[in-house]
Amino acid sequence: MSRPGRDDSPDRLYTLTGGRTRSGPDSPFDLVTLVVAECDPATGMQSEHAAILRITEHPTAVVELAAELKLPVSITKILLSDLLTAGRVSARHPRKADLDPDVLEQVLVGLRNL
Amino acid sequence: MDSATSDARTPLGASADNGLKIVVVGGFGVGKTTLVRSVSEIRPLNTEETMTKAGEAVDDISEVRGKSATTVAFDFGRITLDARNVLYLFGAPGQERFWFLWDRLFSGTLGAVVLVDTRRIGDSWYAIDRLEHHGTPFIVACNDFGGQTYAPQQIREALDLDPHVPLLDCDARSRASAKQVLISLVEHVKNHHGPQSGRYDTQVPAPHQELAL
């Protein structure tokens, strides 16, 4: 299996993130944080940033973005942090379901309705 | 969608605001992706996470270029539960290197399903041990491969399973069966790990404790 972003082109990843290889332990993004674009892609924008803004026209989880962009999750988070800082996307963070019996009940209802 | 790769995407509704995680762990070929596919509203997607052994302190691409990177690939699917809640189902390998990334990827997960092939029970020992270590609520589901059937007590003993952990049979290819597995897990979480159970304090894993290699 060959996946871009792993073995074939580490230099590409390096370029994408300006040399950063991690988003840090303080990254606000969870795998299932839903990201929503706050603006349209603009000309001159880094192509991955533009792609993220196109995809997140609808709420999209970080992990779906990573799969769609064919990038490792950590690299995707770095790109998202840049966009978040610039106010170009907003983030809907997961609520702690294990602390909230209402959410657990909603999950059960949703699953039973499948 | 402008992107050629976006043709198959099914977007979430605009009001979706709460992503939830359930992880299906199991050995190679046990049916994780099959189970995810059975209930997912999207064709399962694949992605990966990479962590360097130098870990959090080194910000250097040479670590990625070298041999010290740990890469874990995983599949996932999605279930829209209602206007706000979206459940993501992850099929993850149970091998050792995967657990180094558990906290980064799956902290805050609702719970886990350990998918077991009764012909290869030993494949599940490590996953169960790690889930117990992380304090993650889990259930065990035996995927039916049409082989010899065992009494639940035999399987419990072979897995050295705590009596309060639910054990059930399933057919990962069946949507109804996969759905029942997920319902059983969430009911278990609600009954045994919820805020009213009194067990919660003992179930919180220290964040990132597994990341120090």
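How many bridges join strand β1 of chain A to β3(A), and in which direction do the two strands run? The numbered points below take up this matter and others.

1. The structure is a predicted model. For the complex, the predictor gives an ipTM of 0.85 and a pTM of 0.84.

2. Strands β1 and β3 of chain A. To answer the opening question, 4 bridges join β1, which spans residues 34-37 of chain A, to β3(A), and these strands run antiparallel. Within this part of the sheet, Val36(A) has Ser90(A) of β3(A) standing opposite.

3. The sheet of chain A. The sheet is open and consists of 3 strands, in the order β2-β1-β3 (chain A), with antiparallel pairing. The edges are taken by β2 (60-61) and β3 (89-92) of chain A; each has a single partner strand, so one side of each is left without a neighbour in the sheet.

4. Overall make-up of chain A. Chain A contains 5 helices and 3 strands. Along the sequence, these elements of chain A follow the pattern α-β-α-β-α-α-β-α. Of the 114 residues in chain A, 46% are buried. Among contacts in chain A with a separation of 6 or more, 66% are accounted for by residues 24 or more positions apart.

5. Helices α2 and α3 of chain A. Helix α2 covers residues 47-55 of chain A and helix α3 covers residues 62-69 of chain A; their axes come within 11 Å and cross at roughly 125 degrees. The crossing of α2(A) past α3(A) is right-handed. On the side of α2(A), the contact is made by Glu48(A), Ala51(A), Ile52(A) and Ile55(A), while α3(A) contributes Leu65(A), Glu68(A) and Leu69(A).

6. Confidence in chain B. The mean pLDDT of chain B is 82, and 78% of the residues in chain B reach 70 or more. Two stretches call for separate mention. Over residues 54-67 of chain B, pLDDT stays under 50, and the model has 28 contacts beyond four places in sequence for this stretch. Over residues 198-213 of chain B, pLDDT likewise stays under 50, with 27 contacts beyond four places in sequence in the model. Where pLDDT is low, predicted coordinates should not be read in detail.

Technical notes. Residues numbered from 1 in each chain as written. Chains lettered and ligands numbered in written order. Predicted model: local features only at pLDDT ≥ 70, side-chain atom pairs only at ≥ 80, totals over all residues. Pairing = 2+ DSSP bridges. pLDDT = per-residue confidence, 0-100. Contact = placed C-beta atoms within 7 Å. Buried ≥ 20, exposed ≤ 12 C-beta atoms within 10 Å, placed from the backbone. Axes fitted to C-alpha atoms, helices over the stretch in contact; angles between N-to-C directions. Left-handed = near helix turned anticlockwise from the far one by under 90°.
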